[in-house]
Amino acid sequence: MAESDDLARIITGCKNGDSRCFSKVVDMYASRCYGYFYRLTGDNDISDELLSELFVKLVEKIGSYKGVSFESWLFKIATNIFHDHLRSKQRRKKLLDVLKKQLESEITEHKQSDDEQSDKLQIRLKTLDTDTRELIMLRFYSQLSFKEIAEIRSEPIGTTLAKMHRGIKKLRQVMEG
Amino acid sequence: MNDLNEKSLNELFEKFFDDEQAKSFAEDIQKAEQILRGHPAPEPDDMLIANIKAEIAMRLPAERARHFRRMVYKLISIAAAIVILATISVQFLVEDGKKPREVSYASLIPAAIWDSDDITADDENLAIFTAEIEEIEGEVLNLESGEDTGNGNRTITELEMELIEINSDFWKG
């Protein structure tokens, strides 16, 4: 209760344009949001960019926050930022010619494999489709209830649970198998 | 988070799955969370966090100015709406307060006779006017039928003058 009161005070401060309150929000949520972006992109640089974008958006949009669950609101923005990233990635892909694409993928594969050797989970996560990966990461890093996750994803809770069930089964298989 | 605990999760799953599926799902969730906790994602760099905070501090004055402008525009539009509504309301009130418009009629009967209470005198006047009009009417008919022996033009002029005089007397009462 005291924690939620503190958070409410911090958010009020943010709404009044207090930079110290924004710094507190960054300290409170940067780690979880970074983990969410990293597990979805598998790339430190992109995660850095997305995290910066998230907090810039927070400054712009804090006035429209209406006092629902702050985590839910923040992760909704994070989800939208990730979707925008996917769309721009898709656009970039279309613009590149085949040779460039091949060269780029060779470089990124090489770079990522260095990072990922120490992170078995990140390699295995690639076997899951983006939507399932996003759902599992949203649940784990946002720590929201399934009801809130279903609301963020604009789908019935039954659909969210069914997807989660399938995704988690697959994650267990690839990690334990 | 209220549904993280096993009991509430089981209750939720039981609404959507049969007992066995719900049990297996709850177990999978716990196991997946253990896996994720066992493989923590890298932490954001301290330099990145410092840059984000600096960027926020830099953006805040601009954001405040934007917020202020938005407020001013909002206030202006609200004030404009109030002025328009007030103008319309005042117009309606003024319309309601006004006396009903009087209908003006063209008076066919001279005001002196109309307002007079002396019915007998009025009747006499009317009788005189009627007699004079009848007389003139007779003279006009004579002229038209050529019975007049004198100067026709002069007679007509005289009649016209007489008519004007009578008319003027009549309206004066």
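**View 1. Where chain B meets chain A.** The contact draws on 30 residues of chain B and 37 residues of chain A; two residues are in contact if their C-beta atoms, placed from the backbone, lie within 7 Å. On chain B, α1 (6-16), α2 (19-38) and α3 (46-97) each bring at least two residues to the side that touches chain A. The top contributor to that side is α3(B), with twelve residues. Sorted by class, the side of chain B that touches chain A holds 17 nonpolar, three polar and ten charged residues. Here Ala, Val, Leu, Ile, Met, Phe, Trp, Tyr, Cys and Pro count as nonpolar, Asp, Glu, Lys and Arg as charged, and the others, Gly among them, as polar.

View 2. You're looking at a predicted model, where local features need pLDDT of at least 70, side-chain atom pairs count only at pLDDT 80 or more, and totals for chains, interfaces and linings use all residues. Residues are numbered from 1 along each chain as its sequence is written, while chains are lettered from A and ligands numbered from 1 in the order in which they are written. Chain B averages a pLDDT (the predictor's confidence in each residue, from 0 to 100) of 77, and 73% of its residues score at least 70. For the complex, the predictor gives an ipTM of 0.80 and a pTM of 0.64.

View 3. Chain A has nine helices and zero strands. Both kinds of element are DSSP runs, numbered from the N terminus: helices are H or I, at least four residues, and strands are E, at least two. Of its 177 residues, 29% count as buried (20 or more other C-beta atoms within 10 Å of a residue's own, with C-beta atoms placed from the backbone). Among contacts in chain A with a separation of 6 or more, 63% join residues 24 or more positions apart.

**View 4. Helices α2(A) and α3(A) up close.** Helix α2 (residues 19-41) and helix α3 (residues 44-61) of chain A pack at an angle of about 140°, with their axes 9 Å apart. Axes are lines fitted to C-alpha atoms, for helices over the stretch in contact, and angles run from 0 to 180 degrees between N-to-C directions. So α2(A) and α3(A) are oblique to each other; angles under 35 degrees count as roughly parallel, over 145 as roughly antiparallel, 65 to 115 as roughly perpendicular and the rest as oblique. The residues making the contact include A:Phe22 and A:Val25 of α2(A), plus A:Leu50 and A:Leu54 of α3(A). By class, this contact of α2(A) with α3(A) has 15 nonpolar, three polar and no charged residues.

Methods:
Buried ≥ 20, exposed ≤ 12 C-beta atoms within 10 Å, placed from the backbone.
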